[in-house]
Amino acid sequence: MLNMRLAKRMWVGLGVLLLIGGVGVARQANAQAVVKIGQIEAQTGPTATYGWMSSQGAKLAVKEINDAGGFQVAGKPYKLELIQMDTRGEPREATVQFKKFMEDGVKFVFGPFLSNVFNSIEPIANLHNGKFLMFAGATAAHSLLGTPNHDYLLHTFNWDSGPSGFGTLMVAQLKKQGVKRVAMLFQNDAFGKVAADIYSKLFKDAGIELRIELFEPGTKDFSASLAKMAADKPDYLFPGYSDAVLYDIVRQATETGLFKKFFIVRGSIGPALKNKDAIDDYMAYVPKYFESAEKTEKATSKFIAEYKTFYKREFPYDQAPLCASSCYDHVYMLVNAMKAAESVDDVAKIKKALMSTPYDGLWKIKYDETGEVIFKFDLVQVKRGGAISVISIDPIK
Amino acid sequence: MSQLVIGQLLNGAIVGTLYAILALAVTLTFGITGIVNFALGAFMMMGGYLTWYAHDSLQMPYAIAVVAAVVAVGVVGLVTDLCLFRFTRNNLVNGLLVSIGLISIIEAGVLIVWTATPKDLAYVLPGVIEAAGISAPKIKLVVFALLLLVILGTYLALTRTWTGRAAFAYAQNSEAAALMGVNTAALESAVMVYSAMLAGLGGALYASLYSLEPTLGSAFILKAVEAAIMAGIGNAIGALAGGVILGITEGVGSIYLPIAFRDAYGLVFLVAILLVKPNGLFGGKS
């Protein structure tokens, strides 16, 4: 009798266990799988300007996609999971973070924008070639595109030189204005040196004399450098690559009347507007001049509205152009590519799909055969008094 | 060329007083509490941001914005002293660790509130004064005069008032000072708050000269410690001299040598001084 009772209880228990297990399996079958995107950018620290906006834009895109119910790849539903790491611009820290991504099987890495960070993780990335894709904005990534062991690499920030390069076009514009001599005052760091190499050639090819001075990153008082460089009487000053120094350089240069014409390839037009009555000309490359695009482009006004709602803060017009790199559009491009490739983990197929499909979102973007991005950008010119003119250049046409 | 050199001598002296005000804060804190407070750089940054916010966003007149920022930083100095530094008195390592942790917290806080976008205060006193072919921005000259006044005022307060003499006595022999009726706990807190206010003032005036970013304090505190060591720790006038020497070395060095190594010129000068005078220019014999 006792044995029968015991056997009955065992069967009931087994039944309950099976029921619980069954419900679990059914739940798992209905649940959406997750595609992980790792983002490795400086969100704090002295070079945070470059990663901050990319991190904000990518987060917003992931939120929008997930809120819309995710996406379907080969009939299966997926959601995105964004894992953001703050490198603080520190190569050593970034190395540890990147290794963690690889250990966790992250197949899509957004960033880095900083060349010093890219240079430190690149040897580790090479060991995982073929297993993931990296959407890097770093200038240093450009020369490695299409080389052996770098199948994982896509360069997301457009390149200065080459036929479609914005730098080539801007130097040509200077040449048209009859400029003979330019003084370049740049940070003495990885990108500063790369920029000095790129622009030495571009100016030489254009027949414009270029004098280069490099300064210690973190410098705030440029009076000695400016006075020294002004002695050569250059037509234009080509100063630094971030607003953190541009505000100070433009103010100090105009205050003492040493320079009134500026040529900018990275940085906003904020310093020109602040000193609008002291400058003569301020020519700047801007991936997108959001202030005017907001009025004319639907995608841009939608992005700005979504940003304000999501982050509950004013839209950072001066930082927003940096969202051109490994940011909002690239998340959508990746999702589209996964759909087209009918896979979320075959990185070769996904890369092929990415490179064969132009995208028209916040920016009009495409990749060339090496993985170099080409996108529509703006050339903004500020004249004395603050008059702004914008020329949109579309190298994709 | 001579105009360039004279211009940089003047500019170096002006920039040097900014190093000096922070060096004075470092030297006072260390002399009384035994703490090398690296967070003073972050307090300076905070002073700059609060001034910018009060002036540009709240539309306060610049002078009132400066006073408000200095008082606010003083309050932060008091709170951090009561909550953190009070427990690290005369413990160099603990004090250092707490101050470094505080830098991260303050920088992250500023980044969250005001983002990484550089902030540039509306110009307070635009224009330059020109004389003998040398031009100097008016605001730089005003900042220079104000900082000199505060540093010399602090020196006089330290040497001519009872509290100042009590501070000196405490720095030499804390037990004897306590036995003579000096309220040591209050004195330590007062020095921490005053140092924070000096740093805040440095930041508030800095904001009228240069753009602001959350990490500006980190670079400045290193220069301030350099200036304090160069002069000899514990000397108010020495802090001024150390800052000015550092500023001039950087400015004039940048004319003849590559600008890229500007920060190194001051360090080379520091090493040279320490080789000859190990206790600094104004430090006594050990």
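Reply: Helices (H or I, at least four residues) and strands (E, at least two) are DSSP runs, numbered from the N terminus. This is a predicted model, in which local features need pLDDT of at least 70, side-chain atom pairs count only at pLDDT 80 or more, and totals for chains, interfaces and linings use all residues. Residues are numbered from 1 along each chain as its sequence is written, chains are lettered from A and ligands numbered from 1 in the order written, and side-chain values use heavy atoms, without hydrogens and water.

Which residues of α3(A) are buried? They are Ala94(A), Thr95(A), Gln97(A), Phe98(A), Phe101(A) and Met102(A), where buried means under 20% relative accessible area, exposed over 50%, and partly exposed in between (1.4 Å probe, protein chains only). These buried residues of α3(A) pack (heavy atoms within 4.5 Å) against three strands that include β1 (33-41) and β3 (76-86) of chain A. The other partners are the strands β4 (108-110) and β5 (133-136) and the helix α4 (115-127), also of chain A.

Now the backbone on either side of the helix. In the loop between β3 and α3 of chain A sits Arg88(A). Phi of Arg88(A) is near 55 degrees, a positive value in a residue other than glycine. Most residues other than glycine have a negative phi, and most peptide bonds are trans. Arg88(A) counts as partly exposed because its relative accessibility is 40%. Just after α3(A), Gly105(A) also has a positive phi, of about 70 degrees.

Further along, the loop between β4 and α4 of chain A holds Pro112(A). The peptide bond that joins Gly111(A) and Pro112(A) is cis, with omega at about 5 degrees.

One more loop of chain A belongs with this set. Asn149(A) lies between β5 and β6 (153-155) of chain A, and its phi is near 75 degrees, again positive in a residue other than glycine. With a relative accessible area of 40%, Asn149(A) is partly exposed.
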